[in-house]
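Here is a friendly tour of one metal site and a set of ring contacts. Please have the model open beside you as you read.

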Amino acid sequence: MQALVLEEKNRLSLRDFPVDETLGPRDVRIKLKTVGICGSDVHYYTHGAIGPFVVREPMILGHEASGIIEEVGADVTELAVGDRVCMEPGIPDPASRSTRLGLYNLDPAVRFWATPPIHGVLRPSVVHPADFTFKLPDNVSFAAGAMVEPLAVGVHGATKAQVKPGDIAIVIGAGPIGLVTVLAALAAGCARVIVSDVDDTKLGIAAKLGAVTPVNVSRTSLVEATKAETAGWGADIVFECSGNERAAAAVFEPLCPGGKVVFIGIPLEPIRYDVSGGQIKEVRVEHVFRYAHVYPRCVAMLASGAIDVSPLITRTFPFSASVAAFEYAATSPAGEVKIQIEMPD
Ligand SMILES: [Zn+2]
């Protein structure tokens, strides 16, 4: 099958790549329709590794996906051939202690698409467990279905923050994960979300997502802008989605007493933050790693209109141009949020 293969750091090819997959009784075979390019895919391409995960042999990229079921295993009754679906890319060990505790995203043995040595899904079809495959209603497009993966991170973050109706939140960073967190925070009940970045185009997209105050921190102080929105009190929640060392170091400053911080962006190096600054406000700090069983909520919000991800999809390439799509994504083009690849019919 034709696949987008990361041969090694900085070398991609679109080529025939046989993947031997057998359909188990609880599996489905899915024909891929749309696959989003994630920052992690681009990072494996440009750096060959993320932390302990090193690309040692050719690997197919892509993990944000939607498709159509073309075959179902003997014991699958809840899905049928022809169903439009999105897929959760991480498969935990069902018997692991993490999984049994409901923390399956933290299972050390999780097998996650396009995380070495597991192949991703920039290829015609994939076999996947039915338990991690979710039906899309007719009014949710394949493009939106492929956005459920990043959206799930924002929804998991908003859940961890225990958003209350009328909260005022800050989202630091207007990249794809920052913007899905804005959508999740608003859908969870935030009265307003203050979004900080240095890219005016991305802030412009953020501003169109609802009750959003964009703040370009190259010109304006986030603390001052937050004071102006909260009568000097501070924000109830800060979602740190930049992974940026300086942003993280100052994360408690715009927060109200008793507020919450959720670390979502992944710093590339260990970073410092101001513990005493958090203590004098008795801040609750949460950390997020991917998500656990929020896909049904994400799909339900896309179907009801509570969340619209379409403003975040800024460019689409055909599969035949997927090497060019990655070369383009690797330049971190200003104003691009989510770049997707459409698979051929
Ligand atoms: Zn992703």
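The text below starts with the zinc site and then turns to the aromatic rings.

This is a predicted model, in which local features need pLDDT of at least 70, side-chain atom pairs count only at pLDDT 80 or more, and totals for chains, interfaces and linings use all residues. Residues are numbered from 1 along each chain as its sequence is written, and side-chain values use heavy atoms, with hydrogens and water left out.

**The zinc site**

Which residues hold the zinc ion? Cys 38 (SG), His 63 (NE2), Glu 64 (OE) and Glu 149 (OE) coordinate the ion at 2.2 to 2.8 Å. Donors here are N, O and S atoms within 2.8 Å of the metal (3.2 Å for Na, K and Ca), and sites may look incomplete because water is not among the atoms. Along the sequence, the donor residues follow the spacing C-x24-H-E-x84-E. Glu 64 belongs to strand E7 (residues 64-72) and Glu 149 to helix H4 (residues 148-161), so this pair ties together parts 85 residues apart in sequence. Helices (H or I, at least four residues) and strands (E, at least two) are DSSP runs, numbered from the N terminus.

Glu 64 is buried, at 1% relative accessible area, and Glu 149 is buried too, at 5%. Buried means under 20% relative accessible area, exposed over 50%, and partly exposed in between (1.4 Å probe, protein chains only).

**The aromatic rings**

Searching the whole structure gives 7 aromatic pairs. Two of them are set out here.

| Pair | Centre distance | Plane angle | Type |
|---|---|---|---|
| Tyr 45 and Phe 326 | 6.3 Å | 90 degrees | edge-to-face |
| Phe 317 and Tyr 328 | 6.0 Å | 50 degrees | tilted |

Rings of Phe, Tyr and Trp (its six-membered ring) pair if their centres lie within 6.5 Å; planes under 30 degrees apart count as stacked, over 60 as edge-to-face and the rest as tilted.

Tyr 45 in helix H1 (residues 39-47) and Phe 326 in helix H11 (residues 322-329) link distant parts of the chain, 281 residues apart, and both are buried. Phe 317 sits in strand E19 (residues 313-318) and Tyr 328 in helix H11, 11 residues apart in sequence. Is each of these exposed, partly exposed or buried? Phe 317 is buried at 16% relative accessible area, whereas Tyr 328 is partly exposed at 26%.

Elsewhere, Phe 134, Tyr 291 and Tyr 295 form one aromatic cluster.
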